[in-house]
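Visitor: I have a structure open here and want to go through it piece by piece. Can you take my questions as they come?

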Amino acid sequence: MSKLVYALLICILSASPALAAGIDTGDTAWVLMSTALVLLMTAPGLALFYSGMVRRKNVLGTIMQSFAVLCAVSIQWVLIGYSLSFGPDKFGLIGGLEFFGLAGVGQEPNLDYAATIPHQAFMLFQMMFAVITPALIAGAFAERMKFSAFLIFTLLWTTLVYDPVAHWVWGVGGWLRVLGALDFAGGAVVHISSGAAALAAALMLGKRKGYLTEVMPPHNLPLTVIGAGLLWFGWFGFNAGSALGANGLAATAFLTTNTAAAGAGLSWMAVEWIHRGKPTLLGLASGIVAGLVAITPAAGFVSPVSSIIIGLAAGVVCYGSVAIIKPLLKYDDSLDAFGIHGIGGMFGAIATGLFATVAVNPAGADGLISGSAALLGKQLIAIGASALYSFIVSVVILKAIDLVVGLRVAKDDEVQGLDITQHSENGYSL
């Protein structure tokens with residue numbers, strides 16, 4: 001009888017592709033849910049967050065940028081982006097084209113990246129990271145770039161910057177991964193690379209007409225705060241989903257994400273209160289996002305108490321970048337893409353080198369606080385490499401686009417607003 005039961009069990013297991021392949025349905029469900037949460041971060045989360053901060057005449061154009069990125073990069077990722085990022089390694093710099101058009105990317109797991117979920121689930125999750133990253137850059141040149149130039153920039157930048165950096169950090173054989181640099185959910189891949197590109201774009205396009213001589217307040221703060229809330233909500237998929245399973249590490253990343261956001265929101269509000277005399281809702285929302293950015297590379301490597309420290313410090317650091325350094329240098333990073341994502345991402349990568357501990361994640365490394373200075377050095381290399389590469393290539397891409405189709409709208413179009421001049425629409429009928 002026992003032999004019969006055993007034989008039946010073997011038949012059942014071999015007849016079930018999911019069980020035979022080692023796929024865990026709980027892990028798969030969590031990663032698919034996280035994928036949807038990260039999609040929500042771009043559209044409508046980032047779309048609303050950015051659109052509320054621009055002037056009324058540019059609200060639709062700003063929303064359209066996030067939705068257009070979601071469409072364009074989704075196709076690019078299926079055709080070549082995933083293969084360049086996670087395909088078989090070529091010299092530690094880029095993935096090969098073996099996964100072109102998702103060839104070989106099916107329902108079975110890819111044991112190099114995630115042994116308990118379908119390969120397509122991992123691909124989809126990573127797609128949403130590729131989607132939101134160029135959308136973040138748009139905050140730097142809000143209200144002045146041609147939509148045609150924006151679409152070209154998005155596709156070129158994703159292919160030439162995002163995909164290689166993703167391979168460096170996360171791809172098997174990528175040189176920063178081999179070095180031992182840690183990036184749990186995209187500090188270098190998403191925030192530092194987009195922040196450096198944002199700075200390049202702000203400098204290349206120049207200031208908005210009337211910048212520093214006209215008042216340009218956000219036209220709809222409720223939209224921005226709704227967007228910030230959706231970003232906070234979606235960020236649990238961004239960070240906790242990067243555990244690639246419904247497990248204890250996901251719970252830790254979920255917890256550290258929330259506490260860092262809370263800490264940064266409070267510290268930004270406090271330092272703004274001291275510096276300007278009153279706390280603002282925009283400041284609180286900006287601080288929350290700064291905390292989410294800073295904890296991203298560290299979320300699965302640090303303790304909850306460390307995440308509070310990271311969040312509190314990130315609020316102060318990013319506030320200083322936005323409210324003190326930017327006015328001093330007089331560059332027009334319209335919606336503070338560099339000040340929050342670039343500076344916040346760099347700070348988070350450094351904080352990972354300080355606070356990471358194998359007590360939280362044995363697959364990580366001990367940072368300086370746990371007695372090892374080696375990780376901090378590796379983090380600094382990752383910061384420098386990803387920022388410098390993204391900045392230089394972004395400048396080249398922007399210059400090429402400017403020569404071919406032009407980057408910036410005409411002055412009269414900028415005054416009239418991008419909603420009408422680029423899209424023949426009005427956000428409000430008043």
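Visitor: Where is Asp336 found?
Guide: This is a predicted model, and in it Asp336 sits in the loop between α12 (304–329) and α13.

Visitor: Is Asp336 buried or exposed?
Guide: Buried. Its relative accessible area is 15%, and the cut-off for buried is under 20%, so Asp336 falls in that class.

Visitor: What is phi of Asp336 near?
Guide: Near 65°, which is a positive value in a residue other than glycine. Most residues other than glycine have a negative phi. Leu102 also has phi near 65°.

Visitor: Where is Leu102 found?
Guide: Leu102 belongs to the loop between β2 (94–95) and α5. With 17% relative accessibility, Leu102 is classed as buried.

Visitor: Backbone again. Which peptide bond is cis?
Guide: The one from Ala43 to Pro44 is cis, with omega near 15°.

Visitor: Which residues is Ala43 in contact with, leaving aside its neighbours within four places in sequence?
Guide: Phe67 and Leu70. Ala43 is buried, at a relative accessible area of 8%.

Visitor: And how many Å separate the C-alpha atoms of Ala43 and Val169?
Guide: They are separated by 26 Å, and the two residues are 126 apart along the chain.

Visitor: Switching to the core. Which residues touch the most other members of the largest nonpolar core?
Guide: Tyr82 and Tyr162, in a core of 98 residues. Helix α5 (residues 119–137) supplies the largest share of this core, with 13 residues.

Visitor: What is Tyr162 in contact with, beyond four places in sequence?
Guide: Its partners are Trp77, Gln126, Phe129, Ala130, Thr133, Trp157, Trp170, Val189 and Val190. A second, separate core has 21 residues, among them Ala253, Phe301, Ile310 and Ala351.

Visitor: Now helix packing. At what angle do α5 and α8 pack?
Guide: About 30°, with the axes of α5 and helix α8 (residues 187–205) 8 Å apart. Angles under 35 degrees count as roughly parallel, so α5 and α8 are described that way. The crossing of α5 with α8 is right-handed.

Visitor: Which residues make that contact?
Guide: From α5 they are Phe129, Thr133, Leu136 and Ile137, and from α8 they are Val189, Val190, His191, Ser193, Ser194, Ala197 and Ala198.

Visitor: How many of the residues in the contact of α5 with α8 are nonpolar, polar or charged?
Guide: There are 7 nonpolar and 4 polar residues, and no charged ones. Phe129, Thr133, Val189 and Val190 are also among the partners of Tyr162.

Visitor: What about α11 and α13: how do they cross?
Guide: Helix α11 (residues 281–295) and helix α13 (residues 337–355) cross at roughly 45°, and their axes come within 7 Å. That makes α11 and α13 oblique to each other, and their crossing is right-handed.

Visitor: Which residues meet there?
Guide: On α11 they are Ser286, Val289, Ala290, Val293 and Ala294, and on α13 they are Ile340, His341, Gly344, Gly345, Phe347 and Gly348. By type, the contact of α11 with α13 has 6 nonpolar, 5 polar and no charged residues.

Methods:
Residues are numbered from 1 along each chain as its sequence is written. This is a predicted model: local features need pLDDT of at least 70, side-chain atom pairs count only at pLDDT 80 or more; totals for chains, interfaces and linings use all residues. Side-chain values use heavy atoms; hydrogens and water are left out. A nonpolar core is a set of buried Ala, Val, Leu, Ile, Met, Phe, Trp, Tyr and Cys residues joined through side-chain atoms within 4.5 Å. Buried means under 20% relative accessible area, exposed over 50%, partly exposed in between (1.4 Å probe, protein chains only). Helices (H or I, at least four residues) and strands (E, at least two) are DSSP runs, numbered from the N terminus. Contact means heavy atoms within 4.5 Å. Axes are lines fitted to C-alpha atoms, for helices over the stretch in contact, and angles run from 0 to 180 degrees between N-to-C directions. Angles under 35 degrees count as roughly parallel, over 145 as roughly antiparallel, 65 to 115 as roughly perpendicular and the rest as oblique. A crossing is left-handed if the near helix is turned anticlockwise from the far one by less than a right angle, and right-handed if clockwise. Ala, Val, Leu, Ile, Met, Phe, Trp, Tyr, Cys and Pro count as nonpolar, Asp, Glu, Lys and Arg as charged, and the others, Gly among them, as polar.
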